[in-house]
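Hi everyone, thanks for making time this morning. I'd like to walk you through a couple of spots in a structure I've been looking at. Have a look at it with me.

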Amino acid sequence: MLRKAFSGWGTNEGLIISILSHRSAEQRKKIRQTYASTYNEDLLKSLDKELSNDFERLVHLWTLDPSERDAYLANEATKRWTKSNQVLVEIACTRSAHDLLLAKQDYHACYRKSIEEDVAYHTTGDFRKLLLPLVGTYRYEGSEVNMTLAKTEAKLLHEKICDKCYNDDDLIRILATRSKVQINATLNQYKNQFGKDINKDLKEDPKDEYLSLLRATIKCLTYPEKYFEKVIRLAINKTGTDEGALTRVVATRAEVDMKTIKEEYQRRNSVPLEKAIAKDTRGDYEDMLLALIGCGDA
């Protein structure tokens with residue numbers, strides 16, 4: 001059916017959307033394998049030939065295997081500067097330890113080097129100091145929490161932030177190596193002991209890009225749905241849509257936590273996400289986005 005959608009006069013975008021947007025990662029992988037063995041061509045190459053612009057990028061990202069997609073996005077991010085560091089934080093902090101490991105293996109296979117190598121080469125200073133351990137750690141994922149440690153480390157974080165030592169080795173070590181449940185416990189202790197959310201204390205200079213990356217790291221580790229809701233909100237609610245950010249979040253979260261992100265968006269903006277997307281996008285791109293944010297409910 002996909003082959004049929006590409007052949008003849010013009011491309012049948014509707015057919016492509018109806019097939020791919022309703023298939024799981026496992027099914028998409030099998031479709032790609034079958035397409036390659038039947039027509040001796042990579043489905044992604046066929047899609048890239050037939051489609052264009054934001055629609056093409058969304059379909060391309062969605063059709064990739066999740067770990068392959070993360071490797072692709074991470075590689076793109078290492079080649080750019082500043083804003084794209086956020087993409088590396090997303091991949092390092094919102095994926096499970098196993099998913100991050102798979103992405104790193106795909107990175108090896110696709111780019112013949114390690115993600116750590118590229119991050120180290122393309123970043124400098126505090127950015128490198130934070131990003132390298134984030135992408136390099138294999139976090140423990142059990143439910144055990146050490147409350148004594150949480151209290152001690154909450155105090156330590158508070159001291160470092162009060163002294164404006166935002167790039168302190170211990171501060172980075174805690175964020176980069178502790179399990180997510182341990183970090184949550186530590187940050188709850190932080191709020192209990194010092195009466196303020198840690199990210200509020202890190203807003204000292206809202207224009208400081210390193211501090212912004214530090215806040216994104218904490219949000220990704222503790223409340224990914226709030227983090228992604230904000231990325232979407234900022235992508236939509238400004239003059240001209242940031243299609244890059246919108247495409248990335250929808251493609252990477254549709255099968256993960258899109259339902260929670262939609263609920264968070266509705267709660268925060270009093271508008272359903274699909275309505276906001278429909279108002280801001282057009283054509284096949286809009287249709288594919290809406291199909292994917294609906295697919296979380298399927």
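Predicted model: local features only at pLDDT ≥ 70, side-chain atom pairs only at ≥ 80, totals over all residues.

Let's start with helix H5, residues 53–63. How much of H5 is buried? Eight of its 11 residues are, so the helix is largely enclosed by the rest of the structure. The buried ones are Phe55, Glu56, Leu58, Val59, His60, Leu61, Trp62 and Thr63. And what do they pack against? Their partners are helices H2 (13–20), H3 (25–39), H4 (43–50) and H6 (66–79), together with H17 (243–253) and H20 (283–294).

Now let's zoom in on Thr63, which belongs to H5. Is Thr63 buried or exposed? Its relative accessibility is 2%, and because buried means under 20%, Thr63 counts as buried. Where does its side chain reach? To the backbone oxygen of Val59, at 2.6 Å. Val59 is itself on the list of buried H5 residues. Leaving aside residues up to four places away in sequence, Thr63 touches Leu20, Arg28, Arg32, Leu43, Leu44 and Leu47.

Last stop, the surface. Val145, Met147 and Val181 make a nonpolar patch there of about 210 Å². Met147 sits in helix H11, which covers residues 147–162. At 39% relative accessibility, Met147 counts as partly exposed.

That's my tour, so over to you for questions.

How values were computed
Residues numbered from 1 in each chain as written. Heavy atoms only, no water. Helix = DSSP H or I, 4+ residues; strand = E, 2+ residues; numbered from the N terminus. Buried < 20%, exposed > 50% of the residue type's maximum accessible area, 1.4 Å probe, protein only. Polar contact = N/O pair within 3.5 Å; in protein donor to acceptor, adjacent residues only side chain to side chain. Contact = heavy atoms within 4.5 Å. Patch = residues over 30% accessible without salt bridge, like charges linked within 9 Å, V, L, I, M, F, W, Y side chains within 5 Å. Areas by Shrake-Rupley, 256 points an atom, 1.4 Å probe, with all protein chains shown as cover. Salt bridge = Lys/Arg side-chain N within 4 Å of Asp/Glu carboxyl O.
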